Amino acid sequence: MKKKMNLFRRGLVLFRRWRKRMVVALLVLIGLALLGVAGFAYYVERMFEEEDIGDSMLLPTVDHRVERQRRRTEDGHEFEVDNSRATFTLDLKPEAASISHRHLFPDHAAAIAYAREHGLNILPSVGLVHDKCKKVNDQLVRALETAMQEDLPADKLPGRRAALQQLAEVLLRQLDQAAAEHRGTFESALVHVVGALRAGGADPPPELPPDLASRAEHQLEEFLADPVYSRPVGFWDQTPELINIFRQDRFLARGICLKSETAAAVALAGTVVDDPILRATFERSAEFGARLTNPTPEYRYSPLRLTELAAPEDSWERRLAGERLREIREGLPAPPPDGMVSFALFPFASSPEEALWLKMPYGFTGAELIVAIESGVIDLEPKPDSGWYDYQWYALETLVMPERGREDHKLETNREYRQRLREIFLAAIARDRETHIKNLPTLYFGCSGPFQEGEIEAQVGPLFAVEPLPTVYLRLARAYRFLQTAMSTLIEPHLHETMMDDPFDYDGEKATVTQVLDRMAALNYGLYELACRDLGMNPEYLEDEHDDEARDAAVLLAEKWLTRLEEDSDLQEDMRIAVPLFIDPVDGSITSWACAGVRLEPLVAEYDEKPRVFGVKPIWAPVEYWVASEVFLEFTHYDKPLTREEFRALCDAHPDEASLRAALGAPPRLKPLRSDWFRAAGWLLVVSALVVLILVIRRLPGQKRKRILRNSFLLILAISTVTLVFLSFAHRLRTTILVEHVLWRSRFLSALAAQYYISCELDESPRLAHGRMLGLLESMAEGRTAQSRYLAAYLIEALYWQSESADNLALIEPETVIPLLLRAAEDQVPQVAGAAVFWLGNYDRPEVVNLIQDKLRSPNTHPKVRLQAVLSAGSLRNPELIDDLCALLQHGSRMEQRLALSSLMKYDTAETREFLLEFLEQRERGKTAEEIEEDFLASRIRDELFGKAEEDSTDFIIRFD
């Protein structure tokens, strides 16, 4: 015993002698470990980014293709700046604006004039460029819509008004020849067309019976009594001709309900299709609307689409037979939130805001729209069938998500500047919606680098010709190119014959639509070139998009326009507008979005990573610019939509922003999510506490001070060690902390975590898997931010491909898992909801079956979530889900049909086999042997029913999707 005590004392003496060296060694090891983790995270992030964006634009290397900026000192000495490796910081300082600079201006020209008068260094903003585009866009739409309305000598097809008159005459003849039981159908169709003619200012056919003329007038009165649809807004109230076009097309776009008026819709569609001229005219009109604005959604039918559904026979008796009409009604898609699947001769177009409305039928604010874009609820990238309106939204996307622009790695911005860009985005969207308002419905509620020194010193700071957002300008140019290509295939004679004001001629000259589109595309290409040059980026184009000669001409046009901004008549026009978005059917209130003018705000630009300078010795200095920012308002009012004149009168009566918001009941300006004041206060408290602690310790005696410092260090070390050891075993808590508080704040850490979770073998430790899985489930269901919930869902999806992932989930009690998954299944982020719905397929519970049914049936379900619900229905094998799977197999999208078939095959009941046989017979009826062989669904059903089914391809389909 005495020997053991001596050994213990010797060990204690050695520990006291070597403890300082041991602590230093431990600290060195911890530092090396942290460096290793950071280095690995950096490597993983680089790997992920190189896969996503190809060539690395992140390293500050010199690009010798970039043109250098040529500058002059105050005494005229020339020098050059190479910005290819430079990065920039843009800080908006709204609090630095004096009281005299805070009032609102009705247009950009007034703001520019004010800035020049007061010696402010004005920087042409992205909002100014959009304002120029907006004024030209209004003229373009007005010219193109007028051309479609009237007959042109070079066109063989009639305009819309003439086509409607011809349609009314054909319906009159059919009414005379119709059987007695079908006369009411043709009368309803004729009244609808005559009502549209009267809404457009045209006279009815002289041979129209008086009772039908009276019914048409009654329909017109009902339409005019609804100002939400009939009152022209925007530029549509400027001339009688524009008013007539607006009312005619809006009357027709409201359409008729296909459920209750199927026969009248079939009569209109069949009449159009039977006449070759009418068919070609309406085909051109539908394609024109799809390209100018956007295609029609699936729950709005045009004549040609309804005819395809109706499959008309030779006679009107067979077309209008009760059985045929019932088949049409049964084949209609699920209705939108307003409950109406409609038919219209000129139907409304789809839009991004309507896509979000389908997911949020009780309305949304501008801030919620921003969140939806950032979280991926709606995707702004144009689809293959997208129209100009989608391209206009996509052009503005980097105002909300700057990380998607090529210039993102060159710019470092503060929260105030990013919030300003979001507000400009909303104001621009409101103005673009006003341009297309005739074709869009008002939605209903719920229903440091080296440099070369010279002998001369010069102050060097960032020099911009235009606000440095090149991606916006490039996408705007491509949007005009798209519109020109789309229109040239439809109405090419109109483009060369229709004249409008030349947007770049200051003497009132005229230009054709083709010339205007060319020049607007060239302007934005030129602004893109200038912005790239200012940021030290090499402009990149698609193959054959822009040759060298066109690039030089575009730059000259942009430079000339920037020097004559005050003379531009488009920028002198009042830009204040209000456009309706929602209407509440309960109280009749109208929610409108508005642009209330512009305000001047100071923007400080400085170099972060310094550029190379040739010819002078640089003295780095920030540059203060003043930028014009659009003021976005969101307010609710009653009675009827506001015209431009009415809204501008309200703005004139309340010239400052605060009083205008108060008068309209609009909420205050959008604020950053967090204020720098809170962060500054937090750091101030920490520093103050450290200073006080140091002062107190310094007053203590020497031995006592050393003892306190030693004990404090040991206490911190012990707490850190215990925390690390605890987190090493508390897998659930560690996962929750990482996802909720760490990973979503850093792209490096999130990439590292993804790599870790995907590569680890969870089946080695069931307890480890249990803790991680439960932590991820809680983060996915209860995460405070959309980013953290999305990251948790992404990690859970990655775990699915691990061999024992289903067993790991089964380790957790259903009473714990199911409530979390049910809550996550209602998340607005589709990846979160989809992952939850997929995992719910492991639990055959009544509440789970009800949720799956709701996701399969609801028209508001996101397509990704519906696909996961189909897979879960196959996993559950609950008989209550068979009818929903059968309905999707008949009427779903191509991917939904394939997954529904795979899920139905798992049931293997007499009911499903009988349904599949009937479906197979319908599928193969009237098809050749080659067509049947190429039909994927028919082949899968035939192989399954006859015992030749191959291995289920569900996993492949999910991976492919």
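Predicted model: local features only at pLDDT ≥ 70, side-chain atom pairs only at ≥ 80, totals over all residues.
An open sheet of 3 strands is found, in the order β1-β2-β14 and with antiparallel pairing. Its edge strands are β1 (69-72) and β14 (612-614), each of which pairs on one side only. On average, neighbouring strands of the sheet are turned by 25 degrees against each other, direction ignored. Strand β1 is joined by 4 bridges to β2 (residues 78-82), and the two run antiparallel. Within this pairing, arginine 71 has phenylalanine 79 of β2 as its bridge partner.

Across the whole structure, 46 salt bridges are found. One of them is formed by arginine 198 and glutamate 217, with the closest N and O atoms 2.6 Å apart. This pair links distant parts of the chain: arginine 198 belongs to helix α5 (residues 183-199) and glutamate 217 to helix α6 (residues 210-224), 19 residues apart. Arginine 198 has a relative accessible area of 23% and is therefore partly exposed. Glutamate 217 is likewise partly exposed, at 29%.

A salt bridge also connects aspartate 570 with lysine 132, where the closest N and O atoms are 2.8 Å apart. Both aspartate 570 and lysine 132 are buried. In the salt bridge between aspartate 534 and arginine 533, the corresponding separation of the closest N and O atoms is 3.7 Å. Aspartate 534 is buried, because its relative accessible area is 3%, under the 20% limit for that class. Arginine 533, by contrast, counts as partly exposed, with a relative accessibility of 23%.

Leucine 565 is located in the loop between α22 (548-563) and α23 (569-572). With a relative accessible area of 4%, leucine 565 is buried. When residues up to four places away in sequence are not counted, leucine 565 touches Ile112, Pro124, Leu128 and Leu571.

On the surface, a nonpolar patch is formed by Val686, Leu690 and Leu693, which together have about 270 Å² of accessible area. Valine 686 lies in helix α26, which spans residues 676-698.

Note on methods:
Residues numbered from 1 in each chain as written. Heavy atoms only, no water. Patch = residues over 30% accessible without salt bridge, like charges linked within 9 Å, V, L, I, M, F, W, Y side chains within 5 Å. Areas by Shrake-Rupley, 256 points an atom, 1.4 Å probe, with all protein chains shown as cover. Salt bridge = Lys/Arg side-chain N within 4 Å of Asp/Glu carboxyl O. Pairing = 2+ DSSP bridges. Axes fitted to C-alpha atoms, helices over the stretch in contact; angles between N-to-C directions. Buried < 20%, exposed > 50% of the residue type's maximum accessible area, 1.4 Å probe, protein only. Contact = heavy atoms within 4.5 Å.
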